[in-house]
Amino acid sequence: MPHSQTSAHRDSLNGVRLARGASPWLLPTVATAALSLSRARKSGRWAAVAVPTTALAAGMLWFFRDPEREIAPGRVISPADGVVQSIMPWKDGRTRVAIFMSPLNVHVNRAPLAGTVTSVEHVPGGFVPAFNKESENNERVVWHFDTELGDIEMVQIAGAVARRIVPYIPQGTKVEQGERIGLIRFGSRVDIYLPEGVEVAVEVGQATTAGVTRIDRD
């Protein structure tokens, strides 16, 4: 069974599977909603508070959901739920596939291939919207995996809302394809760099599902 499911505590609330790293945001919101609901019957003032706090708590539960996935076959699968924002040839022969994650997407990212994590590097930066060209300089975490295709680079990029990236596993960890490896709170962008000679199977504007959508073509 994948490392991230066996050696690490998983957040949960009333049977709902939640992303690890959600608690600092979710628990205060849910506690406030529960308090306001418990007092709403006796106070109109609390009833007025209960409506927005309950809606916010429900939104948080949706934002931080972490559904199980049946991992699809293929050499390279999508690391993120979202929409393909761009496909760009790189100077070194690789091809970058950028996937934009909206606040409505699942925020947990998965390993695109099986292999060993050779590097997990946090790079400080800004917080402009992920669809903006300037997001190239945003806060990010750069991953490198040693795989059957050689070195694979994946980059989690923060955005205007997503200001915290939470890696789940450290350098040196062996991962299975589709294993959960990290969280970007409230979405943003994930880039994956395909090696030279690997043909891209997705198109700009295409929706992707982490662990399910195949990124490369035979």
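A salt bridge is taken here as a side-chain nitrogen of Lys or Arg within 4 Å of a carboxyl oxygen of Asp or Glu. By this criterion the structure holds 11 salt bridges. The model is a predicted one, in which local features need pLDDT of at least 70 and side-chain atom pairs count only at pLDDT 80 or more, whereas totals for chains, interfaces and linings use all residues. Residues are numbered from 1 along each chain as its sequence is written, and side-chain values use heavy atoms, with hydrogens and water left out.

The chain contains 3 helices and 15 strands. Of the 218 residues, 46% count as buried; buried denotes under 20% relative accessible area, exposed over 50%, and partly exposed the range in between, with a 1.4 Å probe and protein chains only. The accessible surface of the chain comes to about 10600 Å², and 56% of it belongs to carbon and sulfur atoms. These areas come from the Shrake-Rupley method with a 1.4 Å probe, and for residues only the protein chains shown count as cover. A contact means heavy atoms within 4.5 Å. Among contacts between residues at least 6 apart in sequence, 67% join residues at least 24 apart.

One part of the strand arrangement is an open sheet of 3 strands in the order β5-β11-β9, with antiparallel pairing. Strands β5 (108–110) and β9 (165–167) stand at the edges with a single partner strand each, so one side of each is left without a neighbour in the sheet. From one strand to the next the twist averages 25°, where axes are lines fitted to C-alpha atoms, for helices over the stretch in contact, and angles run from 0 to 180 degrees between N-to-C directions. Strand β9 pairs with β11 (residues 180–184) in the antiparallel sense over 3 bridges; two strands pair if DSSP finds at least two bridges between them. Pro167 stands opposite Gly182 in β11.

The interior can be followed next. In soluble globular proteins, nonpolar side chains tend to be buried together. A nonpolar core is defined as a set of buried Ala, Val, Leu, Ile, Met, Phe, Trp, Tyr and Cys residues joined through side-chain atoms within 4.5 Å. The largest such core has 33 residues, and those with the most contacts inside it are Val97, Trp143, Phe145, Ile181 and Leu194. At least two residues of this core are supplied by each of β4 (95–101), β7 (140–147), β8 (150–157), β9, β11 and β12 (188–194). Another core, of 5 residues, lies apart from it and includes Val123, Val142, Val155 and Tyr193.

Leaving aside residues up to four places away in sequence, Val97 touches Val84, Ser86, Val190, Asp191, Ile192, Leu194, Val200, Val202 and Ile215. Ser86 belongs to strand β3 and counts as buried, at 18% relative accessibility. With the same exclusion of residues up to four places away, Ser86 touches Arg96, Val97, Ala98 and Val204.

Thr116 lies in strand β6 (residues 115–123) and, at 24% relative accessibility, counts as partly exposed. Beyond four places in sequence, Thr116 touches His144, Phe145, Asp146, Gly172, Thr173 and Lys174. The C-alpha atoms of Thr116 and Glu176, 60 residues apart along the chain, are separated by 8.8 Å.

The charged pairs complete the account. Side chains of opposite charge can pair when their charged atoms come close. Asp216 forms a salt bridge with Arg75, the closest N and O atoms being 2.7 Å apart. This pair links distant parts of the chain, with Asp216 in strand β15 (residues 216–217) and Arg75 in the loop between α3 and β3, 141 residues apart. Asp216 counts as buried at 1% relative accessibility, whereas Arg75 is partly exposed at 28%. Arg75, Arg214, Asp216 and Asp218 are linked in a network of salt bridges.

Asp81 and Arg69 also meet through their side chains in a salt bridge (2.8 Å, N to O). Both residues lie in the loop between α3 (44–63) and β3 (82–89), 12 residues apart. Asp81 counts as buried, at 7% relative accessibility. A further salt bridge joins the side chains of Asp92 and Arg94 (2.8 Å, N to O); Asp92 is partly exposed, with a relative accessible area of 43%, and Arg94 is buried, with 17%.

Note on methods. Helix = DSSP H or I, 4+ residues; strand = E, 2+ residues; numbered from the N terminus.
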